[in-house]
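This briefing covers chain contacts, domain division, helix packing and backbone geometry. The sequence and structure come first, and the notes follow.

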Amino acid sequence: MRVSNWMNIDRRWIFLAMGLAIVVPLLLPMRLPMGVQEPTQGLFDAVDAIDPEKQCLLISSDYTPQTEAENHPMTVALLRHAFARRIPVISVVLYIEAAGLIDAAVKQVMAEFNARATTHADSIIYGRDVAFLGWQPPPIVPILSMGESITGIYPVDFYGTPSDSLPMMARIQDYDDVGIVAALSSSSSPLWYVMFAQTKFGVPVGAGCTAVMAPDFYPYLETGQLSGMMGGMKGAAEYEVLVERNFGITDRARANEGMGSQSIAHVVIMAFVVVGNIAFFATRRKEGQA
Amino acid sequence: MKSKLPLALLILMGIFGITSRFIPHPGAEALNAYLRDTLLRIISAFALILGLGNLILRHWSKIKKKEENYGSSYVLLISLTVTAIIGLFGGTSGEGILPTRIGEFSFDVNTLYDKVMIPLGATMFSLLAFYMASAAYRSFRAKNTLAFLLLASAFIVMLGQVPLGQALWSELPSVSHWIMTVPNTAAKRGIDLGITLGVTATLLKILAGIERSWLGGGS
Amino acid sequence: MRRFGHLLVPLLLCTLWLPAQAQAPPGGVTAKDTPSDDGSSITVAWEPAPGARGYRIERAAAEEAFETVGEAEADQRRFEDTGLPQDVPFRYRVVTLGAGGFEAASPPTAPVMAQPQWFNFDLFGVAFACVAFAGVVVWYIARARRGEKLFLRRIAGLDAVEEAVGRATEMGRAVLYIPGTGYISDIATVASMNILGEVAKKTAEYGTKINVPNRDPVVYTVAREVVKNAHIEAGRPEAHDPNSVHFVVEYALAYAAAVSGIMVREKPATNLFLGYFAAESLILAETGASTGAIQIAGTDQVTQLPFFVVACDYTLMGEELYAASAYLSRDPLMVGALKGQDIGKFLFLLLLVFGSIASLIFGIDAGWLLATTGY
């Protein structure tokens, strides 16, 4: 194969190489050193600073199943962090497609903690420590209305129980009782919370987003409008590491499991770009000589 | 009248929408909440009925006229009907009024969600990785100095965002973070400023009744 | 020494007791209706008391006893009592919490009521900037109305729209118009509807088929009216196909799959991606590129722009999307508004530069001017 032909590699070969780069490290896991970047540390610190006696963590999981691999480990890691510190958690979704995933995540993390619990006080109890309030459309409505009354806009939880009958909701009324909103999203929902909830009610906001959306949020991190951010699967993996280091929780960390694939996939893309450029310069030189 | 009434409504709602941002009075907030929580939802619900009606009629007509690829319209209508029946009568996890369980397998909303929606959605999203690789290979050329700088920054960020980069050089994530927070943010703010002013000017044009294409024309 | 020994114990007690007895209440306690709020809070302010370890704020309705409403740290000078009913008079007093558990209460304030306001002065800077910007835009619209010619720079992507529609006509294929995956509340979607009007007029004039698949049902109803009226405006109502604008699915990536199917099966000659786009942008644009269609994209979602740039022939970046309908229609009033927008941008840039200099060299912080935190 001549170097100039490298410019026109059939895209199916590229797809095959990418497929292998992703699948092989999943089958043969590798443990790579994991540093924690500033935005993830910022979010962790903000959540950690919540006083469980006074305020709660509001997790708004606004992603669809498509971005499950990136966003879902964020929800799980945040739940583990909050439960480990006994911070009450309110979970909501702005898109109906996320409801099933969050229902499963809440049940999964509750089961993890309850398997280790020895007393009633140690356990994570639905309604006392966590409430999944479900979905209310359209997104702008719950974002603004939670500033006035959380149980007002979510009269029943995801399971049909009246929200004001949940013990924890007696002391959680509006954004004043929320330590931070963690908006985990495959769209712009963290910015909606900044624009509508933060500017109007002053509630701190943290973000979790897909890697492709992360550049959108950096300006808001710089200004302090976002307290922290988990960017893509790497951000989720960093949060998992922080939870493991600080609380010794060693349950399955799915984002960390994906780091090998992500590393190799990035290298493969770079390799193709390099090959394309070598071919480009070889062709240009040949044309120059001719 | 046909375009004046919507325009008048728009101007009224638009001005209220802007001014309510600056009015802390609970009366304004109550009206805002009513418009937002009640009227907006009713409109969305009716629009969904219109949309669904259009979807069904369009594919029904395709089948009737035996248009090209009309077979896929069958797939759509059958999937739509089956999903609706399961959603209405099958219950979330098999507790509905229909006998939706065959042996260990249950045809309920959860099954549709877990076994159809999640894998299909994840498959579509994962295509991005493949398309990104092919698009980057095809068009990422260091044709000049600026393109080379862009390419170099991209490589640093790509490596800095994965643990492998840290294994290669421990400072790489910091350099990547700097690129994201300084040059990237500066450029993004510049574009954002233009976009925000563009949004405001577009709103003004609509409120002033100059921009009416969205109403279906100028007259 | 022994002679005075019997005096030592009371003396020691006095040294402990005297400062506590001297614990003063806070001075200048005032209670005022909190300005720029919704009438649900009263702000209590006070002068610090020497040696205070903290303060307790107490409230009493008429004829009732004082009850605690909150506590403040020693360095705090004010407290906002929230969640109050409107127009009910309350009196306040502030109690100094001193060493050894000693306390001293200030005299009660005069009765004060929480009342709502009609303007949030905290947002004065933002309101002023909005009015000033609107003023500049309106002034340029007025100039355009007087018939003044205004210069518009060339935007290659928009010049290509005409060519792209022409190409579809020559090839006898359709123009696929994708209005994005946003809601009608996204201004990018509204801008897309404005452009759709102009594009649909051109397709109507040329007799070219247009296909507009929609993700949001509200956007679908608007797009349907836009295309229908564009055909009427172009004088070709009979050419309008009611099925040309259709609803597909609300789920964004399912929408991308459906539209990719349309591209592969129907092979439109021209694909226009204009509006709000998220992750589905590259799937749409790459599929379109593989079918050989001429592609023009435009979005205000900065993170999606790189994908469109690599996969499309022309890309409208950010505000170019909003300029599109003015550029395509050449309506003098819309061009005037565009010019006003430019001047507004220039003024903001000036403000930015002067603000940065003032902050860097003179240490002036003018952040309050454009504070966006509400009441």
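Domain bounds, as used here, come from an automatic or database domain assignment. On that basis, the C-alpha centres of domain 1 of chain A and domain 2 of chain A lie 38 Å apart. The model is predicted, and the points below are grouped by topic.

**Domains of chain A**

- Domain 1 of chain A consists of 1-30 + 255-290, and domain 2 of chain A covers 35-252.
- Five residues from domain 1 of chain A and seven residues from domain 2 of chain A take part in the contact between these domains.
- On the side of domain 1 of chain A that touches domain 2 of chain A, two residues are nonpolar, three are polar and none is charged.

**Chain B with chain A**

- The contact between these chains involves 41 residues of chain B and 43 residues of chain A.
- Two or more residues of the chain B side come from each of helix 2, helix 4, helix 5 (145-160), helix 6 (163-168), helix 7 (172-181) and helix 8 of chain B.
- Helix 4 of chain B gives the most to this side, with 15 residues.
- By residue class, the side of chain B that touches chain A has 25 nonpolar, ten polar and six charged residues.

**Chain B with chain C**

- Here 46 residues from chain B meet 63 residues from chain C.
- Helix 2 (26-64), helix 4 (109-139) and helix 8 (183-207) of chain B each supply at least two residues of the side of chain B that touches chain C.
- The most is given by helix 8 of chain B, with 15 residues.
- The side of chain B that touches chain C is made up of 27 nonpolar, 14 polar and five charged residues.

**Helix packing in chain B**

- Helix 2 and helix 3 of chain B have axes that come within 9 Å and cross at roughly 140°.
- Angles over 145 degrees would count as roughly antiparallel, and helix 2 of chain B and helix 3 of chain B are therefore oblique to each other.
- The crossing of helix 2 of chain B with helix 3 of chain B is left-handed.
- Helix 2 of chain B contributes Ile56(B), His59(B), Lys62(B) and Ile63(B) to the contact, and helix 3 of chain B contributes Ser73(B), Tyr74(B), Leu76(B) and Leu77(B).
- The residues of this contact are five nonpolar, two polar and one charged.

**Helix packing in chain C**

- The axes of helix 3 (residues 156-171) and helix 9 (residues 320-329) of chain C come within 10 Å, crossing at roughly 50°.
- Helix 3 of chain C and helix 9 of chain C are therefore oblique to each other.
- Their crossing is right-handed.
- Gly157(C), Leu158(C) and Val161(C) of helix 3 of chain C make the contact with Glu320(C), Ala324(C), Tyr327(C) and Leu328(C) of helix 9 of chain C.
- Five of the residues in this contact are nonpolar, one is polar and one is charged.

- Asn69(B), a residue other than glycine, has a positive phi near 60°.
- The loop between helix 2 and helix 3 (71-90) of chain B holds Asn69(B).
- Asn69(B) counts as exposed because it has 11 C-beta neighbours inside 10 Å.
- Lys267(C) is not a glycine either, and its phi is positive, at about 40°.
- Lys267(C) lies in the loop between helix 6 (252-266) and strand 11 (270-276) of chain C.
- With 14 other C-beta atoms within 10 Å, Lys267(C) is partly exposed.

Key
Residues are numbered from 1 along each chain as its sequence is written. Chains are lettered from A and ligands numbered from 1 in the order in which they are written. This is a predicted model: local features need pLDDT of at least 70, side-chain atom pairs count only at pLDDT 80 or more; totals for chains, interfaces and linings use all residues. Axes are lines fitted to C-alpha atoms, for helices over the stretch in contact, and angles run from 0 to 180 degrees between N-to-C directions. Helices (H or I, at least four residues) and strands (E, at least two) are DSSP runs, numbered from the N terminus. Angles under 35 degrees count as roughly parallel, over 145 as roughly antiparallel, 65 to 115 as roughly perpendicular and the rest as oblique. A crossing is left-handed if the near helix is turned anticlockwise from the far one by less than a right angle, and right-handed if clockwise. Two residues are in contact if their C-beta atoms, placed from the backbone, lie within 7 Å. Ala, Val, Leu, Ile, Met, Phe, Trp, Tyr, Cys and Pro count as nonpolar, Asp, Glu, Lys and Arg as charged, and the others, Gly among them, as polar. A residue is buried if 20 or more other C-beta atoms lie within 10 Å of its own, exposed if 12 or fewer, and partly exposed in between; C-beta atoms are placed from the backbone.
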